[in-house]
Amino acid sequence: MTDIVFSGIQPSGVLHLGNYLGAIKQWVDLQKQYKSLFCIVDLHAITANKLPADELRNNIFKAAATYIACGIDPKQSIIFSQSTVSGHAELCWLLECYTPIGWLNRMTQFKDKAGSDKQKASLGLYSYPVLMAADILLYQTKYVPVGDDQKQHLELARDIASAFNNHYKLEHFTIPEILILDQTSRIMSLRDGTNKMSKSDPSEYSCINLDDTDDLIIKKIEKAKTDSEHGFTDLKGRPEINNLVNIYSALSGSSVEKTCEEMNKHDMKYFKKELAELIISIVSPIREKINDLLKDQSHLHEILKNGTEKAAEIANQNLKEIKNIIGFVQ
Ligand code: AQP
């Protein structure tokens, strides 16, 4: 059996440069080598801030368009939305019954996202990592390409898979492995280099969205927080400039050392101009392709429906085996 790659992004907003560099960029390469499923994880998107229905629907189509615009080929990979394959929610319930509450209490993302009043957070936000484990284990996934923030959730998915296998003394679930790109595993906010770039950041200038206009990108980079008086010799203790150099180096393919050496010959204004141009050279063609694809929503819908059919076939077979192992009469 060929190894399976699975990953997903929440349609909780417009996808950004962090999503691209931390996740999607490696999906594009992996799809050539492995059977790949790229999911729009809409069930996850209702665990915290619930968007109006029309906005969520638009975000789902936009996420599909973004995957394709970034280079995911629907002929090669399975693109679909999570809520259209009922096996995700079904397996989530089954796995919850093998997951001790103590394991969930350790999850730092819940602590961050629940805010100060945890009693008001939804049960869905609390059990989010079990749904993520179900997403992965449903397809007997071998590799999960994600950003650094998902490391703890992936460890939990491995623990849950092992707990199930050990309980029935068999090797049913493939134990998934995380794939993280060292350099770009955590792209930080342009306004605060200690926080990750995030769709839900209230500051518009914290994030480069993949549908930003060229002018907006220039503005966001001009406004990006830096400490211009220090040059590029030592980046230690300078999270904002470190982040910008990291983005420059990831997009240009030049090492951080080389980038610093080159930029040391110039001032911060020059660096920001070069960085904005580089980002535009990557984001502008993506934005144009997204806008093009969005003109034909029924075509995007067809791609998603086709993906659902293929994903459900794998999921249903696995679910049948899991239910049989547990002892359900079907
Ligand atoms: N800043 C980032 N740097 C590197 N990778 C990132 N990812 C997200 N932000 C960064 C990776 O993108 C994939 C999808 O993440 P997600 O959007 O489903 O959830 P998230 O990590 O919670 O992202 P956001 O932007 O912060 O969303 P909201 O604000 O809605 O919660 C994952 O592989 C993630 O690691």
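Q: Which residue has a backbone N or O atom 2.7 Å from a nitrogen atom of the ligand?
A: This is a predicted model, where local features need pLDDT of at least 70, side-chain atom pairs count only at pLDDT 80 or more, and totals for chains, interfaces and linings use all residues. Residues are numbered from 1 along each chain as its sequence is written, and side-chain values use heavy atoms, leaving out hydrogens and water. The backbone N or O atom at 2.7 Å from the ligand nitrogen belongs to I187.

Q: How much of the ligand's accessible area does the protein cover?
A: On its own, the ligand has 640 Å² of accessible area (Shrake-Rupley method, 1.4 Å probe). The protein covers 96%.

Q: Which element gives the largest share of the shell around the ligand?
A: Two elements give two or more residues each: β1 (4-9) and α1 (17-30). Helices are DSSP runs of H or I with at least four residues, and strands are runs of E with at least two, numbered from the N terminus. The largest share is four residues, and the element is α1.

Q: Is H153 buried or exposed?
A: H153 sits in helix α7 (residues 151-167). Buried means under 20% relative accessible area, exposed over 50%, and partly exposed in between (1.4 Å probe, protein chains only). H153 has 3% relative accessibility, so it counts as buried.

Q: Which residues does H153 touch, not counting residues up to four places away in sequence?
A: Contact means heavy atoms within 4.5 Å. By that rule, H153 touches M107, Q109, Y128, P129 and M132.

Notes: A polar contact is a pair of N or O atoms within 3.5 Å; within protein, one must be able to donate a hydrogen and the other to accept it, and residues adjacent in sequence count only if both atoms are side-chain atoms.
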